[in-house]
There are 2 protein chains.
Amino acid sequence: MRAAIYGGPGDIAIEEVPKPTLETPTGAIIRVTHTAVCGSDLWFYRGDSDRETGSRVGHEPMGIVEETGEQVTSVEPGDRVFAPFVISCGRCEFCRRGLHTSCANGDSWGGDNGGAQGEHVRVPEADGTLVRVPDRYADDEDTLRSILPLTDVMGTGHHAAVSAGVGPGDSCVVIGDGAVGLCGVLAARRLGARRIVAVGHHDDRLAIATEFGATATVSERGDAALDRVRELTDGGVDHVMECVGAASAMEMAIELCRPGGTVGYVGVPHGVDEAGLDVFSLFSDNITLQGGVAPVRAYAEELLADVLGGTLDPSPIFTKTVDLAGVPEGYRAMDEREAIKVLVRIDGHSE
Amino acid sequence: MRAAIYGGPGDIAIEEVPKPTLETPTGAIIRVTHTAVCGSDLWFYRGDSDRETGSRVGHEPMGIVEETGEQVTSVEPGDRVFAPFVISCGRCEFCRRGLHTSCANGDSWGGDNGGAQGEHVRVPEADGTLVRVPDRYADDEDTLRSILPLTDVMGTGHHAAVSAGVGPGDSCVVIGDGAVGLCGVLAARRLGARRIVAVGHHDDRLAIATEFGATATVSERGDAALDRVRELTDGGVDHVMECVGAASAMEMAIELCRPGGTVGYVGVPHGVDEAGLDVFSLFSDNITLQGGVAPVRAYAEELLADVLGGTLDPSPIFTKTVDLAGVPEGYRAMDEREAIKVLVRIDGHSE
């Protein structure tokens with residue numbers, strides 16, 4: 001089989017690799033049909049984080065079940081499924097409380113399981129990880145395109161909104177106009193927010209934020225951005241969603257959060273180690289810091305129901321589509337910000 | 001009138017100062033009868049934080065109303081009252097949501113209002129700040145001694161428990177065996193916690209923790225403390241109360257918090273700037289950081305009811321009593337850890 005392989009910063013290549021095999025009675029083999037390139041893939045691509053060279057990449061798989069272990073009960077060969085960016089058992093305490101990212105038996109894509117940017121993956125815990133798409137939608141390309149973000153960014157944006165405590169009638173600020181930030185806007189609207197201010201740096205992305213439900217957008221930077229948001233929100237909001245994962249964005253989030261409010265964050269907080277977190281502002285204003293790596297498996301069913309019902313559609317974040325051979329080009333396009341998020345049709349054609 | 005004055009690190013003296021005067025129709029003048037020395041007073045006493053030399057000190061006043069402004073409706077001259085460590089209006093949005101520490105019209109003790117370690121204070125917002133003690137208890141010395149911690153440490157310990165989400169049947173860890181940590185144990189028990197592990201370094205204080213409801217105490221340090229708490233709690237708890245206000249204590253709190261749990265913190269996080277907060281552990285385990293400077297005014301009524309009802313008594317934290325002239329000795333005793341917390345009988349005698 002063929003798969004995308006990490007060769008070092010800036011180097012993604014499609015190579016022939018061994019196909020994963022079923023090794024546990026709880027596992028399944030998936031033929032990947034759709035996947036995506038993630039903003040977090042750019043960290044190793046840019047050399048900002050370490051990754052073993054020669055490793056398989058991609059963590060947002062959707063495809064067709066090819067083979068299942070004898071203990072698997074929730075899916076069978078031929079089913080259309082998707083899976084979150086972490087593998088979870090579904091049985092342990094943390095999975096049962098909806099925190100699949102802390103699964104006691106958790107595993108990750110890449111390595112022997114294969115990466116989602118490849119023709120096949122093995123999921124060692126099929127029942128706890130895979131989400132089945134009802135047959136009537138299983139081959140509907142438009143619907144699949146809308147479902148695919150539930151593997152990561154839509155669930156992550158939703159986690160930001162949930163962590164920030166966004167509810168009906170609330171005013172909130174979403175920091176970041178990447179795929180997660182845009183999905184965060186969708187999530188905030190879906191949860192009933194009345195006022196949603198999206199903060200970003202790119203007019204084309206902020207246009208999607210508006211399409212997704214942002215009631216105002218702010219493209220200024222630094223203090224000018226703070227001033228503009230405060231002007232729009234009468235001084236700040238009780239619910240801030242930090243969807244960037246950078247020290248400066250976290251700092252802005254805390255600045256814009258009113259006393260007693262909550263900052264919901266879902267981006268790995270890069271640079272916070274060096275810059276330091278403004279704990280004194282959190283302390284003096286009793287601002288809660290809530291969130292973390294998103295347990296998107298916990299949100300899959302409710303979000304899928306809305307996608308299938310036609311009331312939730314994150315697919316506009318896919319502004320470019322490639323085939324497997326086009327994955328390196330997909331990384332380049334995202335790295336150079338030509339594309340917001342790249343959809344990969346493993347068995348399809350680049351567009 | 002006489003009042004304690006800060007002369008620089010290690011220097012507290014009793015001096016003759018002007019008596020505060022009533023300047024607003026919403027204010028009151030209180031003749032202070034009881035107050036205390038706070039662990040946070042030691043920061044400037046030890047030179048760890050800046051404070052203007054010549055300033056009046058003390059922020060935990062209890063006394064008798066001497067004079068009220070014409071708009072004051074909740075108290076009248078002769079009433080027994082106490083007040084939290086911040087002054088709040090009771091009318092603004094933040095007071096109404098129980099976040100009096102972020103009061104839009106807030107003020108502080110010291111300066112022209114006078115410090116609580118003095119014979120008189122002015123409270124510019126009497127209705128929003130003062131809590132009246134029912135007449136039948138107004139001169140009951142034992143009861144007053146049990147009420148006095150509601151000005152600060154009992155409300156702060158309660159805020160730690162509330163912020164950590166402690167509820168009936170929960171297991172929690174309380175880090176710190178100072179007055180706040182001990183009050184945190186009381187608060188956790190009051191909220192129904194089933195298992196309360198108190199972590200500290202002093203056997204005499206941990207004995208009070210046991211008296212207050214701790215089901216286990218841990219006096220080891222560093223990794224040995226972590227191991228012992230994990231052993232006692234099957235690996236950690238979902239509710240950790242950080243009652244020290246130091247980087248090392250915050251680090252321990254995060255280490256002992258299980259995935260998806262909450263660290264409730266109420267200590268000013270000293271040293272976190274240098275040591276850095278372990279945001280990556282918070283992130284990967286979805287640990288919520290909640291708390292801050294305690295809005296003790298918001299908790300005064302419910303805690304007072306329990307003190308008066310006989311089910312809550314934080315007074316054992318007062319292990320030494322001084323009169324106004326004895327305040328410098330009180331600072332020394334707390335600085336040298338001879339006393340947990342020092343009660344000051346302004347018009348009384350040192351014991």
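Counting two residues as in contact when heavy atoms lie within 4.5 Å, the predicted model puts 33 residues of chain B against 33 residues of chain A. Putting the two chains together buries about 2,800 Å², with 58% of that coming from carbon and sulfur atoms. On the chain B side, the residues that give up the most area to chain A are B:Phe280, B:Phe283 and B:Asn286, which together make up 24% of what that side buries.

A:Arg97 and B:Asp238 pair up through their side chains in a salt bridge, at 3.1 Å from N to O.

As for which parts of chain B do the touching, two or more residues each come from helix 2 (93-96), strand 12 (257-265), helix 10 (272-275), helix 11 (279-284) and strand 13 (288-291). Sorted by class, the chain B side that touches chain A holds 16 nonpolar, 11 polar and 6 charged residues.

Helix 9 of chain B, spanning residues 247-256, is another element worth a look. Of its 10 residues, 7 are buried, so helix 9 is largely enclosed by the rest of the structure. The buried ones in this helix are B:Ala247, B:Ala249, B:Met250, B:Met252, B:Ala253, B:Ile254 and B:Leu256.

Note on methods
Residues numbered from 1 in each chain as written. Chains lettered and ligands numbered in written order. Predicted model: local features only at pLDDT ≥ 70, side-chain atom pairs only at ≥ 80, totals over all residues. Heavy atoms only, no water. Buried area = accessible area lost by both parts, 1.4 Å probe. Salt bridge = Lys/Arg side-chain N within 4 Å of Asp/Glu carboxyl O. Helix = DSSP H or I, 4+ residues; strand = E, 2+ residues; numbered from the N terminus. Nonpolar A, V, L, I, M, F, W, Y, C, P; charged D, E, K, R; others polar. Buried < 20%, exposed > 50% of the residue type's maximum accessible area, 1.4 Å probe, protein only.
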